[in-house]
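Subject: Structure handover

Hello,

Here is the structure I said I would pass on. My notes on it follow below.

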Amino acid sequence: MEAKKRRTLRIPGSTSILASLISIGVGLIVGLILLYVLNAKAAGGAFISLVTTGFRSTDKFAKMLYQAAPLIMTGLSVGFAFKTGLFNIGATGQYTVGAAFALIGAIQFQLPWYICLLLAFIGGAIWGIFPGLFKALYNVNEVITSIMFNWIAMFAVNLTINNLPMMLAKYWGGAQMDRTANLAQANPSALIPRMGLDVLMKSNYMNISIFIAIIFALISWVILSKTTFGYELKACGYNRNASIYAGINAKRNIVLSMVISGAFAGVGGGLYFLAGTGQYTLVKQLLSAGFNGIPVALLATSNPIGTIFSAFFVSYIQVGGDAMQPDFVKEIIDIIISVIIYLAAFALLTRELLARGKQRRADDAADAMDAIAPAPEAKDEVK
Amino acid sequence: MNEYVIEMLNITKEFPGIRANDDITLRLRRGEIHALLGENGAGKSTLMSVLFGLYQPEKGVIKKDGEIVRIKDPNDANTLNIGMVHQHFKLVEVFTVLENIILGVEPNKMGFLQKKVARKKVVELSERYGLKIDPDALIENISVGMQQRVEILKMLYRDNDILIFDEPTAVLTPQEIDELMQIMRSFAAEGKSILFITHKLNEIMAVADRCTVLRKGKCIGTVDVKDTDKVKLSRMMVGRDVEFIVTKDDATPGDVVLDVKHLTVPSKSHKNNAVKDVSFQVRAGEIVCLAGIEGNGQTECVYALTGLEKPSAGTITLKGEPIVLIGRKRGKQSAEALGKVKTILMPIRHRSKLGMSHIPEDRQKFGLVLDYSLEQNLVLQRYWEPTFQKSGFIRNLSVRQYAEKLIKQYDIRSGQGPITSARSMSGGNQQKAIVARELDKNPELLVAVQPTRGLDVGAIEYIHHQLIAARDKGKGVFLVSLELDEVVNVSDRILVMYEGEIVGEFDPKKTTVEELGLFMAGAKKQTAERTVH
């Protein structure tokens, strides 16, 4: 029994999942404590709605799925770059550009939704190229360039949309000055199909975007774990020197990795705004969906399949958080959610701690390994 | 007074699945030099870590002067006057020698550093033991030998009288080794006790009084060095007979495989060139060794050969095909510039396809992706071949089969076979994996840089055999080594490099370690024009 347990722990995946679950647990406990500190009377009820709302009705569940789709995409974006040893903090910029490309395609050029999504993909990819090129050619830290490109993206998109009158809600008879047009009015064919899911789930939020996101997660997983390209990318990420030594074109891979990472984030922007329930607002503020991709990826330890579930979790907490009103004001809820997500994102740290105990033992054991563990024994363990 | 200054009695230290130290007893006499001998993974480091307070043993006690002591951390060890020179020095690069020596025990008056007091003590110590240092030099600017003297002075400054040396000679020249041996003897004569970890038998025979041998975590025995010899010691260590002299037939050099002409490589750390106008050839079926003290341009020379760095001048030809050809800069030689000499810098992958294999100097930095499994590492140079991939998808089954073949053929030992993480493997087996991968590519030229660094006698013997087998199959082998025994034993031709130049070419049968040492230290230089082919 003991031996079996030890063997389970040895599988890297199980450590990751365990680490993520522990982190989530710690995050929730700290969240609960915070609630008590802030408003002890309402804390219990609020916590219950925080953790149960998402499952209370199909409507809430649909909203959770709807918010999860773009989160999966930005999570995949960050995670993909992580695997290559890059920290793509520019997911929000790529997300914004992707959203803008999709919306311009949808409203200005009246294109159908799938073309718009393709445009989002391209837009995000273009925005990923720049930090990639700077990193590959001049070894400029990608964090710095992508942060700058986040702001460039936001202002460029605002400027462009402002100068395309057709894009704005006012043109289509809407009241707001600072918003893009409602897609249902401007171009219904650009809305992501609902395929009856909205009726089934009794929710306006529901469409097929969650499935599209899951398909991208699978694609990302296949690329990373099944292809020579993924093998090269990960080799670059784990040990750039060794990949150069092995003749892998590290520079090309850095750029490609950022392009793919950017494309994922771009699709995220497309999925969110082509749902028709949200309109792009011209504010001087970076969109948070891109940043939320970072904890999503961390919580999933960059695993594409894990990203699906961690995005579900983050989205679930957000939906639950909304239900804590009016006992708690919106800002407080945001803080609580951030604390939970923040601690949950410690998954890497937790995994490190879990692994370190093991690793220390393994390291020391490794010395003795060649002498003490003879080859035939090793064969058993493979099976 | 107790005869033994330190006694480690029945020490047992377990790690999951492995008993790293199994009932080991080691007694250190006052004023003796006691060698601790064992293969990689025999448990030497674990035992010393127990003594230094880094691990707590499951069983057994440590006695100092006959009294049981508990050593919970290195500070406790220091209080007991136990000092250690680690294999990889623990020095602050940007601090001066003096600052490093007093680090942690700075003499001060109300928080103000009393450097003068410290300097006086350090200078005294250095003069008394003949440990030449410059107290004001920065660590990053001084030689490895001097860095080691700084480490020794650190122990002396702390009044340690039990000194642990962890493989201290690995980085030194023969002359420096002799010096160190002298210093160790003078310490012993003064009543200090020395624990000397090594797997070099010559040094044990030369300097140690007694020797404790560990094998597979067990204590094989403690012997008086004067009653034993190298053969007996190595049998105790490995558990079988080991050949010291590598038996090999004479080389029958064939065609030129590698032709290097006027190679110049700029240095990254200083303004001078690291490699200065170097020319040499390697033929099929011979082992050419580039000897020299670390940091004399060998690394840069290899980087230029293998494509990790860009030379600033010269040509390199592999099997008749130019892999590096630096076009001359305009202005300097305008006539040739008009002839449009085009610069060629062949990418690493192409060199590999042309038949170059490379066992890199730093196996963890270059040779392996430590977070990849063994099988993934074994295909690192070949994953793109049709055998291992089909339209971009890795053929896992072929990879697994290939890995299992290599593991069997090269006897690579690991916990879980092909899926073992490279990180969890021992150094010797990591190196075996690299050797397997590079040799199985069936190269025309094998560039092997310090292939036996940090390995034990058994593994060294194995790798030497592999190099010679490759040579006998008609491959060219370019060996870069700091170990003079290896240089003399394995190679067919020796080139000595000093400050970026080849200062001598020798036939290993007609030279001695001492002669090579003089050339390596720059004391001598072959004045006659070396025949540049």
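In helix H5 of chain B, the buried residues are Gln148(B), Arg149(B), Val150(B), Glu151(B), Ile152(B), Leu153(B), Lys154(B), Met155(B) and Leu156(B). Keep in mind that this is a predicted model.

H5(B) itself covers residues 144-157, 14 residues in total. From first C-alpha to last, H5(B) reaches 20 Å, close to the 20 Å expected at 1.5 Å a residue. After H5(B) comes Asp159(B), which has a positive phi, near 55°.

Now chain A. Its secondary structure consists of 18 helices and zero strands. The chain has 383 residues, and 54% of them are buried. Of the contacts between residues at least 6 apart in sequence, 75% join residues at least 24 apart.

One residue I looked at in chain A is Ala91(A), which belongs to helix H5 (residues 91-108) of that chain. Is Ala91(A) buried or exposed? Ala91(A) counts as buried because 37 other C-beta atoms lie within 10 Å, and the cut-off for buried is 20 or more.

Leaving aside neighbours within four places in sequence, Ala91(A) is in contact with Thr74(A), Ser77(A), Val78(A), Ala265(A), Gly290(A) and Gly293(A). For one of these, Gly290(A), the C-alpha atom is separated from that of Ala91(A) by 4.8 Å, although the two residues are 199 apart along the chain.

Regards

Conventions. Residues numbered from 1 in each chain as written. Chains lettered and ligands numbered in written order. Predicted model: local features only at pLDDT ≥ 70, side-chain atom pairs only at ≥ 80, totals over all residues. Helix = DSSP H or I, 4+ residues; strand = E, 2+ residues; numbered from the N terminus. Buried ≥ 20, exposed ≤ 12 C-beta atoms within 10 Å, placed from the backbone. Contact = placed C-beta atoms within 7 Å. Expected span 1.5 Å × (residues − 1).
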